[in-house]
Amino acid sequence: MSGGYGEPEPDAFTRPYWDAAAEGRLLIRHCAACDRVHHYPREFCPYCWSEDVSWRGASGRATLHTWSVVHRNDLPPFGERVPYAAAVVDLAEGPRMMTEVIGCEEADLRIGMELEVAFRAGIPVFRPVAGAGG
């Protein structure tokens, strides 16, 4: 990750998230005070405001909540990827996550379809679960 325009810029707080992603692992934040998980990473719990939060491994499973197929994006590195499916997924652990769905034709995308995490250049994206019905 270069932190270029449109790409994530890791900092000291988010470095564990990006390091795990580079290793093919998806992390989310867990609050010890209220026992809830959240994403995107924050230094406090968005539910109870506790600062007793830590990184926890996620299963990598999700369902498609919504999507939009982007046909034009002039910002690097997205322009070379059009068309692509920008999506919001519901992680199996509960939080929603903005991402991209890969490996699926636009006509085959379905709300509720089962997805699994994949990683492209250290960035989590999602693809349909092999053999799963949507």
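This is a predicted model: local features need pLDDT of at least 70, side-chain atom pairs count only at pLDDT 80 or more; totals for chains, interfaces and linings use all residues.
Figure 1. As a general point, the strands of a sheet pair through backbone hydrogen bonds, and the pairing can be parallel or antiparallel.

Figure 2. The protein contains 1 helix and 8 strands, and reading along the sequence gives the pattern α-β-β-β-β-β-β-β-β. Its radius of gyration is 15 Å, close to the 14 Å that the globule rule gives for 134 residues, so the protein is as compact as a globular protein of that length. The C-alpha trace spans about 45 × 35 × 25 Å along its principal axes. Of the 134 residues, 40% are buried, while the accessible surface of the protein comes to about 7,700 Å², with 49% of that area belonging to carbon and sulfur atoms. Among the contacts between residues at least 6 apart in sequence, 49% join residues that are at least 24 apart.

Figure 3. How many of the 8 residues of β5 are buried? The strand is mostly covered, with 6 of these residues buried. Strands β4 and β5 run antiparallel and are joined by 8 bridges, and within this pairing Ala62 has Leu91 of β5 as its bridge partner. Strands β5 and β6 also run antiparallel, here with 6 bridges between them, and Asp90 stands opposite Arg96 in β6. The hairpin of β5 and β6 has 4 residues between the strands, and in this hairpin Gly94 takes a positive phi near 125°. In a regular strand, as a general rule, the side chains alternate between the two faces of the sheet.

**Figure 4. The largest nonpolar core and the surroundings of Val89.** The largest nonpolar core holds 23 residues, and the members that touch the most other members are Leu26, Leu64, Val89, Leu91 and Phe126. Two or more residues are given to this core by each of the elements α1, β1 (27–31), β4 (61–70), β5 (84–91), β6 and β7. When residues up to four places away in sequence are not counted, Val89 touches a list of residues that includes Ala62, Leu64, Pro95, Met97, Leu115 and Phe126. The residues touched by Val89 also include Thr63, His65, Arg96 and Thr99.

Figure 5. Side chains of opposite charge can pair when their charged atoms come close. The side chains of Arg120 and Glu100 meet in a salt bridge with an N to O distance of 2.6 Å. Arg120 lies in strand β7 (residues 114–120) and Glu100 in strand β6 (residues 96–101), so this pair ties together parts that are 20 residues apart in sequence. Arg120 is partly exposed, with a relative accessible area of 28%, whereas Glu100 is buried, with a value of 11%. Arg127 forms a salt bridge with Glu116, and the closest N and O atoms of this pair are 3.1 Å apart. Because Arg127 lies in strand β8 (residues 123–128) and Glu116 in strand β7, the pair ties together parts that are 11 residues apart in sequence. Arg127 is partly exposed at 36% relative accessible area, and Glu116 is partly exposed at 22%. Arg72 forms a salt bridge with Asp74, with the closest N and O atoms 3.1 Å apart, and both Arg72 and Asp74 are exposed.

Figure 6. Leaving aside neighbours within four places in sequence, Thr14 is in contact with Glu9 and Trp55. Pro10 and Glu43 are 33 residues apart in sequence, and their C-alpha atoms are 14 Å apart in space.

Notes:
Residues are numbered from 1 along each chain as its sequence is written. Side-chain values use heavy atoms; hydrogens and water are left out. Contact means heavy atoms within 4.5 Å. A salt bridge is a side-chain nitrogen of Lys or Arg within 4 Å of a carboxyl oxygen of Asp or Glu. Buried means under 20% relative accessible area, exposed over 50%, partly exposed in between (1.4 Å probe, protein chains only). A nonpolar core is a set of buried Ala, Val, Leu, Ile, Met, Phe, Trp, Tyr and Cys residues joined through side-chain atoms within 4.5 Å. The radius of gyration is taken over C-alpha atoms; the globule rule is 2.2 Å times the number of residues to the power 0.38. Accessible areas come from the Shrake-Rupley method with a 1.4 Å probe; for residues, only the protein chains shown count as cover. Two strands pair if DSSP finds at least two bridges between them.
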